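This briefing sets out selected structural features of the chain shown below, grouped by topic for reference.

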Amino acid sequence: MLESTSRPIARLMILLVLSSWSAVSMAHAEVGVAGGLLSGLMHPIYGPDHLLAMVAVGLWGAQLGTPAIYLLPITFPVVMALGGLLGVAGMPLPFIEVGIALSALALGAMVAANLRPPLWIAAALVGLFAIFHGHAHGTEMPDAANPLAYGIGFIISTGLLHLTGILIGLMIRWPIGALAIRVCGAVISGFGLFFMASSTGLA
């Protein structure tokens, strides 16, 4: 019974990623991502590394419960906005793609292992990864027709992805749901490992 429930969720996650995979190259090749609220909204969704990491934040917050369920989804966009400003300002940040890949790997692993560190450590970890995501968004922002609208767009989109993770994470109240959430974390972490291999030229 456990497998029959967790497998469809894992397949759904894989389908979601694969369906957006064709658009990934556009998001990270800085082609077609230029300006406006719509571009900002779509940018995190078109990048599966962004998408999965942000969903993982929501899942982990739901897994940790109050107050993490509120604090983590607030911490990420706030710090991400600061990272975006660094990107717009042209301040270099090394290993951006590696950092983003590592965020999916690590946050997914946290969910899969149901790790429960002190709240400040969880918030610091989420904030650290948010800098990389924000910087990546910021460096693709300068050509936008409306940079402010673009920034608002990707922050809103990030919040919605966190909310998606939280809504999925609410299944934690049932034992089978708690297991399904951990399976989702394992799937996200697995993709993170793939992203890491890709960013380092190993895949």
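R173 lies over the face of W174, at 5.5 Å from the ring centre. The model is a predicted one. The points below take up aromatic contacts, helices, the nonpolar core and backbone geometry in turn.

**Aromatic pairs**
- The count of aromatic pairs comes to three.
- The ring centres of Y150 and F154 are 5.8 Å apart and the planes stand at 75°; an angle over 60 degrees counts as edge-to-face, so this pair is edge-to-face.
- Helix α7 holds both Y150 and F154, which are four residues apart, about one turn of the helix.
- Y150 and F154 are both buried.
- F191, F194 and F195 are linked into a cluster by ring pairs.

**Helices and annotated segments**
- The unreviewed UniProt entry carries the annotation "transmembrane region" for residues 45–62, 69–89, 95–112, 119–136, 148–172 and 179–197.
- Residues 95–112 are 94% helix and 0% strand, with the end C-alpha atoms 25 Å apart.
- Residues 119–136 are 100% helix and 0% strand, and here the end C-alpha atoms are 26 Å apart.
- Helix α8 (residues 175–199) has 25 residues and should span 36 Å at 1.5 Å a residue; its end C-alpha atoms are 36 Å apart, so the two values agree.
- Just after α8, G201 adopts a positive phi of about 80°.

**Nonpolar core**
- The largest nonpolar core has 37 residues, of which L59, W60, L72, F76, L107 and V126 touch the most other members.
- Two or more residues of this core come from each of α3 (48–64), α4 (68–88), α5 (96–113), α6 (119–139), α7 (147–169) and α8.
- Helix α3 supplies the largest share of the core, 10 residues.
- With neighbours within four places in sequence left aside, L59 is in contact with V111, G165, I166, I168, G169, I181, C184 and I188.

**Backbone geometry in the loops**
- The peptide bond from T66 to P67 is cis, with omega near 5°, and P67 is found in the loop between α3 and α4.
- F95 is not a glycine, yet its phi is positive, at about 55°.
- F95 is located in the loop between α4 and α5, and its relative accessible area of 64% is over the 50% cut-off, so F95 is exposed.
- N114, likewise not a glycine, has a positive phi of about 55°.
- N114 is located in the loop between α5 and α6, and its relative accessibility of 26% falls between the 20% and 50% limits, so N114 counts as partly exposed.

Methods:
Residues are numbered from 1 along each chain as its sequence is written. This is a predicted model: local features need pLDDT of at least 70, side-chain atom pairs count only at pLDDT 80 or more; totals for chains, interfaces and linings use all residues. Side-chain values use heavy atoms; hydrogens and water are left out. UniProt positions are given in the numbering used here, feature names are shortened, and annotations may be inferred rather than shown by experiment. The expected span of a helix is 1.5 Å times one less than its number of residues. A nonpolar core is a set of buried Ala, Val, Leu, Ile, Met, Phe, Trp, Tyr and Cys residues joined through side-chain atoms within 4.5 Å. Buried means under 20% relative accessible area, exposed over 50%, partly exposed in between (1.4 Å probe, protein chains only). Contact means heavy atoms within 4.5 Å. Rings of Phe, Tyr and Trp (its six-membered ring) pair if their centres lie within 6.5 Å; planes under 30 degrees apart count as stacked, over 60 as edge-to-face and the rest as tilted. A charge sits over a ring if NZ of Lys or CZ of Arg is within 6 Å of the ring centre and within 35 degrees of the ring normal.
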